[in-house]
Amino acid sequence: MRSKWYLLFAALVMASMVLAACQPTTTVQTVVVTEIVAGTPVERVVTATPAPATEVPAAPEVKSKDPTNWVQATFGEPETLDPALDYESAGGEILTYVYDTLIFYKKDSPVEFVPSLATEVPTLENGGISQDGLTYVFKIRDGVKFHDGSDMTVEDVAFTFQRGVLQGGLSSPQWLFTEALFGSGIDDVTLLVADDGSLYDDPEALGAADPEKLVAACEAVKAAIVPDEAAGTVTFNLKNPWGPFLAAFPGSWGSVMSQKWVAANGGWDGDCATWQNFYGITSETSVSTPIGSKPMGTGMYVFDHWTPGEEIVLKANENYWRTEPMWEGGPSGVPTSKTWTQKNVDEFSTRLSMLQAGDADYIDINADQWPIADELVGEICDYQTGACEPSADPSQPLRLYRNFTTGNRTDLFFNFKINAEGNNYIGSGKLDGNGIPPTFFSDIHIRRAFAYCFDYETYLNDALQGEAVRSKTLMLPGMIGYDDNQEVFTYDPDKCAAEFQAAEVKSEDGKSLWDTGFRVTMAYNTGNTVRQTIAQILQQNVAAVNPKFVVEVTGLPWAAFLQAQRAKQLPLFTVGWIMDLYDTHNWVVPYTTGTYGNRQNLPAELQAQFREIYGRAVTEVDPAKRAEIYKEFNKLYFDEVPGIILYQTNGRRYLPKYVKGFYYNPILSGMVDNFVYAITEE
């Protein structure tokens, strides 16, 4: 449907055409005008020859400065470039260009797939999936070479997934495979060694475990992921049928690596006697090796260099194996852009200047910056059809794609047991007016107070430009278990104050929180002004109910922000989740027992409650019954307030007019919204 401004513009054009048609044909016009002379109206006749009509100049053509060099300016950079460990969007985009996966998304669909390093997508019909749903067989493409010139083999494919599961760690994406292979709740390989969870994220303790159990765990992983060189296949054997299993493979964590290259660059070599030495490695350790800093895959781009804090540069793979389009009309062959460059630029004004000057082909624009970018829009386009209409000023250089539903959301999380070691975010570490104790947010009244002190409408209108929908549950609208009737918190300063007054935490001399006050630091990743706004709203509103309540706001570089989360040092933080696959399970697990639940130090008893509920739900085949089970989950999350659920935003992308091949897939939101090698000049 055309927008109102377009209809108004069309009406004005039609009116001007009618007026023009009514003008006399003579070149001389006679007009009676009235002038005021010495306070008396005097009429006089004026004749004039109108100026010749002039044509409106055509909008200048917008061209790329260098069509062979794609440049994008963004804020933040990867934490690591090891596909088995990286679990954030900055690294995910790079990995998607350097590596290939077995299957990939079919254009804009989050639930349909096309072959990549596999020659076909496994299905029941082609025999790739067994009738009982316990076996998945991938036929591996022959003739594919890694960037170092070596051949990719079925052993490389199997090793990639074996290594990922065995490297594990709760900061990694490996739960997507581990849980499917070994059963609901088995989200880390250490549970194969000690099923009580005592070895979670503890490499030292794992290394001291019974050697026989360690070897047995490795052999169990290898038995679950089996290469067959003669048949040219890799088979995955599952514990139980797992609906979301196939959907886990297109992500960057499914990037196929060379076993020889990994072993030669400080990684595991495939020996079951040593895998524990590589379990749960940190991002800092990872980037100190080529595996985490100089990736080498089979993808469309070859890694060139990474200058931390400045840029990442990739070069087109001139020997790229793909000769057939990924889908009808889709991309294939060597990338059009011979160089792909990502500049790290925190300041939006600088990024915008780069875009205006033609020094960047794409920049990150936060929702609160949309009004500024709108001034540069010459066309507004339908992201589904690609049809475009002129804006009020068609001469402007950008196209705007808008109103697509995103697959991500930014929320706010509380840390129940803050790591106080060397921690500057909790001040004195005591309830003395100059800090908070490490267990500050384990008090449910404090969590509720923060939830009531957040001004949701201000955030929606000021930071998100009103283009978002409040999420009432962890899962997104349309997913199984989403309940529009679920109760949510609203901005209520009186309830906020009452909850703070009901808090049970006391100072050392027995004074209440209300009388003592507190000081805490809330961090956000530098450059993300939307997350900065979330922190500032809390800062202002909490202080408004009691001036003794101080929330200090600080920005951290993206990698440092993630590292502080994973070290469990941040008292409260705001961060986003981009769904890995289109399934409710991919929201409830990370928020309670996985990624964020772990960084929040959620109590074991609470995690057990969540795990029991979603374990019943994910194995339930009846969608209606599954949805009923998730109602229990939704109520528990609201009652316990582990975090504050905010808004699912409507998406926008601003691109120069010369950029072609744009499409939007909600799974890839914030990562690879368009294949750069599909982009061509007009």
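So, how many disulfides does the count come to? Three, if you take a disulfide to be a pair of cysteine sulfur atoms within 2.5 Å.

Before I go through them, a word on what we're looking at. This is a predicted model, so local features need pLDDT of at least 70 and side-chain atom pairs count only at pLDDT 80 or more, while totals for chains, interfaces and linings use all residues. Residues are numbered from 1 along each chain as its sequence is written, and side-chain values use heavy atoms, with hydrogens and water left out.

Okay, the overall picture. The protein has 682 residues, and 55% of them are buried. Buried here means under 20% relative accessible area, exposed means over 50%, and partly exposed is in between, with a 1.4 Å probe and protein chains only. The secondary structure comes to 21 helices and 21 strands. Those are DSSP runs numbered from the N terminus: H or I with at least four residues for helices, E with at least two for strands. Now contacts, meaning heavy atoms within 4.5 Å. Taking contacts with a separation of 6 or more, 70% are between residues 24 or more positions apart.

Count the bonded ones along the chain and the pattern is 1-2, 3-4, 5-6.

Pair one to look at: cysteine 218 with cysteine 272, sulfur atoms 2.1 Å apart. This pair links distant parts of the chain, with cysteine 218 in helix α6 (residues 211-224) and cysteine 272 in the loop between α7 (259-264) and α8 (283-287), 54 residues apart. The S-S torsion is -75°, which makes the link of cysteine 218 and cysteine 272 left-handed. Is cysteine 218 buried or exposed? Cysteine 218 counts as buried because its relative accessibility is 0%. Cysteine 272 is buried too, at 12%.

Then there's cysteine 381 with cysteine 388, where the sulfurs sit 2.0 Å apart. That link is right-handed, with 105° about the S-S bond. Cysteine 381 is buried at 4% relative accessible area, whereas cysteine 388, at 32%, counts as partly exposed.

And cysteine 453 with cysteine 496, sulfurs 2.1 Å apart. Here again distant parts of the chain are linked: cysteine 453 is in helix α12 (residues 444-453) and cysteine 496 in helix α14 (residues 493-502), 43 residues apart. Why is this disulfide called left-handed? Because the torsion about the S-S bond of cysteine 453 and cysteine 496 is about -90°. Both of these cysteines are buried.

Next, helix α2, residues 89-98. Nine of its ten residues are buried, including Glu93, Leu95 and Tyr97. What covers the buried residues of α2? The cover includes strands β3 (69-74), β4 (103-105), β9 (301-307), β10 (311-316) and β11 (339-344), plus helix α17 (558-566).

Threonine 178 is another one to click on, over in helix α4 (residues 175-182). It's buried, with a relative accessible area of 1%. Leaving out residues up to four places away in sequence, threonine 178 touches Val165, Gly183, Ile186, Asp187, Asp188 and Val189. Its C-alpha is 8.5 Å from that of glycine 168, ten residues apart along the chain.

Let's do the backbone. Most residues other than glycine have a negative phi. Lysine 107 has a positive phi of about 50° although it is not a glycine, and lysine 107 lies in the loop between β4 and β5 (113-115). Aspartate 201 also has a positive phi of about 50°, in the loop between α4 and α5 (203-207). Lysine 107 is partly exposed at 37%, and aspartate 201 is partly exposed at 34%.

Last stop, the second largest cavity. It holds about 160 Å³ of space and is lined by 17 residues, with Lys472, Phe489, Tyr637, Phe638 and Ile645 nearest its centre. A cavity, on a 1 Å grid over the protein atoms alone, is a set of points where a 1.4 Å probe fits but cannot get out, and lining residues have an atom within 4 Å of a point. Helix α21 (623-640) and strand β21 (643-656) each supply at least two lining residues.

Definitions and conventions: 1 Å grid on protein atoms, 1.4 Å probe; cavity = no way out; pocket = protein on both sides within 12 Å on 5 of 7 lines; lining within 4 Å. Points joined across faces, edges and corners; volume = space filled by probe spheres on them.
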